[in-house]
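Here is a short report on one protein chain. Have the coordinates open as you read.

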Amino acid sequence: MIDIKDLIENPQKYVESQRARQADESAVDALIAAQKTRAAAISRFESLRAQQKSFGKSVAQAEGEEKQRLLGEVKELSAAVKAADVQSDEAEAALQKLQSAFPNLIHDGVPAGGEDDSVTLRTEGARRDFSAEGFTPKDHLELAELLGAVDMERGAKVSGARFYFLRGIGARLELAMMQMGLDQALEAGFTPVIPPTLVRPETMSGTGFDVEHDDEIYRLERDDLYLVGTSEVALAGYYAGEIVDLGTGPQRMAGWSTCYRREAGSHGKDTRGILRVHQFNKLEMFVYCSPEDAAAEHERLLAWEEQMLAKMELPYRVVDIAAGDLGLSAARKFDCEAWIPSQQTYRELTSASDCTTFQARRLNIRERTAASDGSKGSTRPVATLNGTLATTRWLVAILENHQLPDGSVRVPEALRPYLGGQEVIAPLS
């Protein structure tokens with residue numbers, strides 16, 4: 001959640017952030033009013049509580065009729081204290097509700113507007129001219145079926161629409177890609193983690209997901225647990241309620257997990273193949289760092305994502321996501337979108353988000369500061385960031401961009417050692 005003290009001191013920048021997000025600007029005034037109501041309710045409660053304690057001493061010293069009179073006043077005061085306590089709790093709950101729904105303050109320079117207003121920062125890699133090569137490119141599903149890599153029909157039979165089996169070279173290709181990403185993460189100082197994929201509601205909401213209204217989330221009602229759509233959720237909750245040691249620099253984790261998304265509202269869009277599915281695997285980078293280091297760490301995450309895309313020899317573009325498409329938690333997000341020849345467009349493969357201290361405030365994750373004399377100082381919220389190193393969706397771009405006229409697929413050179421040196425994946429005979 002946002003820093004309410006900063007919002008009260010600098011309301012205009014939050015108004016401008018809301019405007020850029022195309023969100024409710026009046027929410028700023030509502031938060032300020034709720035904070036004032038809370039402060040007044042707490043002040044009244046504390047004042048009445050002090051009077052109650054003072055009265056207690058007077059009653060102890062009084063006698064006879066005076067004591068009876070004071071006891072009557074104490075009873076009235078006790079009722080007032082209880083009522084003030086309830087009002088204070090209600091004011092606190094009202095403020096918390098507004099604060100929890102208020103999105104992160106965006107960074108300067110983030111494009112204003114919605115999805116169509118995102119800005120392409122640069123384009124990397126050359127797109128193949130298939131017409132010059134003399135053939136029309138197949139889409140990823142046709143290629144995958146020729147290679148025996150994906151079985152959509154049996155996936156639907158077993159689990160329903162948008163489920164699938166990766167088999168044979170499809171399974172090997174995904175594992176090779178994920179292992180290559182993990183090796184790169186290890187070289188960059190990440191700790192590998194296989195996290196839980198079921199989390200409690202407080203972990204899901206603490207990360208910034210709306211458990212009550214987000215139709216993308218699968219819920220197990222009997223257990224009150226949620227299936228994660230990214231290992232970011234579990235990794236964000238790892239240090240919930242704790243003080244993190246960042247004395248040696250950022251703590252970096254690489255989470256390898258299966259992810260689940262309902263894909264609500266996407267009926268009729270990208271239903272062919274494995275581009276938009278309910279279950280997939282992902283290797284996610286997650287970072288805890290000091291707030292001052294967050295912007296530089298964000299650039300590093302993007303660089304590591306681009307390093308992976310370059311290894312896969314994929315043409316792609318880097319997009320600065322517009323404010324209205326950032327979601328609740330991110331202050332800035334860069335997407336890398338790979339070229340998909342069969343669709344003649346770019347599609348998202350990675351996202352790198354700087355969530356500043358937003359998630360840490362919700363999950364109560366802090367670091368210990370150092371005083372000027374070197375002794376232990378106070379605590380403060382840390383910054384959190386996340387970014388994608390590989391997902392099942394990458395297979396779409398790999399197959400389509402490296403296909404050959406006969407339906408075989410050239411293996412990117414960097415990936416070959418993870419496939420036993422295999423250079424070409426041939427169709428099944």
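## A strand held inside

A residue counts as buried when its relative accessible area is under 20%. The model discussed here is predicted. By that cut-off, seven of the ten residues of strand E9 (residues 251-260) are buried, so the strand is largely enclosed by the rest of the structure.

Strand E9 has paired strands. Three bridges join strand E4 (residues 191-193) to E9, and the two run parallel. In this pairing, Val 193 stands opposite Gly 255 in E9. Ten bridges link E9 with E10, and here the direction is antiparallel.

## The annotated binding site

Which residues does the UniProt annotation "binding site" cover? The record, an unreviewed entry, lists Thr 230, Ser 231, Glu 232, Arg 261, Glu 284, Asn 386 and Thr 388. Such annotations may be inferred rather than shown by experiment.

Glu 284 sits in strand E10 (residues 279-289). Its relative accessibility is 1%, so Glu 284 counts as buried. Beyond its neighbours within four places in sequence, Glu 284 is in contact with Thr 230, Ser 231, Glu 232, Leu 235, Met 253, Ala 254, Gly 255, Asn 386, Gly 387 and Thr 388. Asn 386 belongs to strand E16 (residues 383-391). With 5% relative accessibility, Asn 386 is buried too. Leaving aside neighbours within four places in sequence, its contacts include Glu 232, Glu 284, Met 285, Phe 286 and Leu 301. Ser 351, Ala 352, Ser 353 and Cys 355 are also among them. A polar contact of 3.4 Å joins the side chains of Asn 386 and Glu 232.

## The nonpolar core

The largest nonpolar core has 59 residues. Those with the most contacts inside it are Val 150, Phe 190, Ile 274, Leu 301, Met 312 and Trp 394. Helix H8 (residues 169-187) gives the most to this core, with eight residues.

What does Ile 274 touch, not counting residues up to four places away in sequence? The list is His 140, Val 150, Met 152, Tyr 164, Thr 392, Arg 393, Leu 395 and Val 396.

Phe 334 lies in strand E12 (residues 332-340). At 5% relative accessibility, Phe 334 is buried. Residues up to four places away in sequence aside, Phe 334 touches Leu 121, His 298, Glu 299, Leu 302, Val 319, Asp 320, Thr 350, Ser 351 and Ala 352. Val 199 is 135 residues away from Phe 334 in sequence. In space, the two are 26 Å apart, C-alpha to C-alpha.

His 402 is placed in the loop between helix H13 (394-401) and strand E17 (409-410).

## A three-stranded sheet

Three strands form an open sheet in the order E8-E14-E15, with mixed pairing. Strand E8 (243-244) and strand E15 (376-381) stand at the edges. Each has a single partner strand, so one side of each is left without a neighbour in the sheet.

E8 and strand E14 (residues 366-370) run parallel, joined by two bridges. Ile 243 has Arg 366 as its bridge partner in E14.

## Positive phi in two loops

Most residues other than glycine have a negative phi. Arg 162 has a positive phi of about 65°, although it is not a glycine. Arg 162 is found in the loop between helix H7 (152-159) and strand E3 (165-166). At 9% relative accessibility, Arg 162 counts as buried.

Thr 356 also has a positive phi, near 45°. Thr 356 occupies the loop between strand E13 (345-354) and helix H12 (358-363). Its relative accessibility is 17%, so Thr 356 counts as buried.

Terms used:
Residues numbered from 1 in each chain as written. Predicted model: local features only at pLDDT ≥ 70, side-chain atom pairs only at ≥ 80, totals over all residues. Heavy atoms only, no water. Helix = DSSP H or I, 4+ residues; strand = E, 2+ residues; numbered from the N terminus. Pairing = 2+ DSSP bridges. Buried < 20%, exposed > 50% of the residue type's maximum accessible area, 1.4 Å probe, protein only. Contact = heavy atoms within 4.5 Å. Polar contact = N/O pair within 3.5 Å; in protein donor to acceptor, adjacent residues only side chain to side chain. Core = buried A, V, L, I, M, F, W, Y, C linked by side-chain atoms within 4.5 Å.
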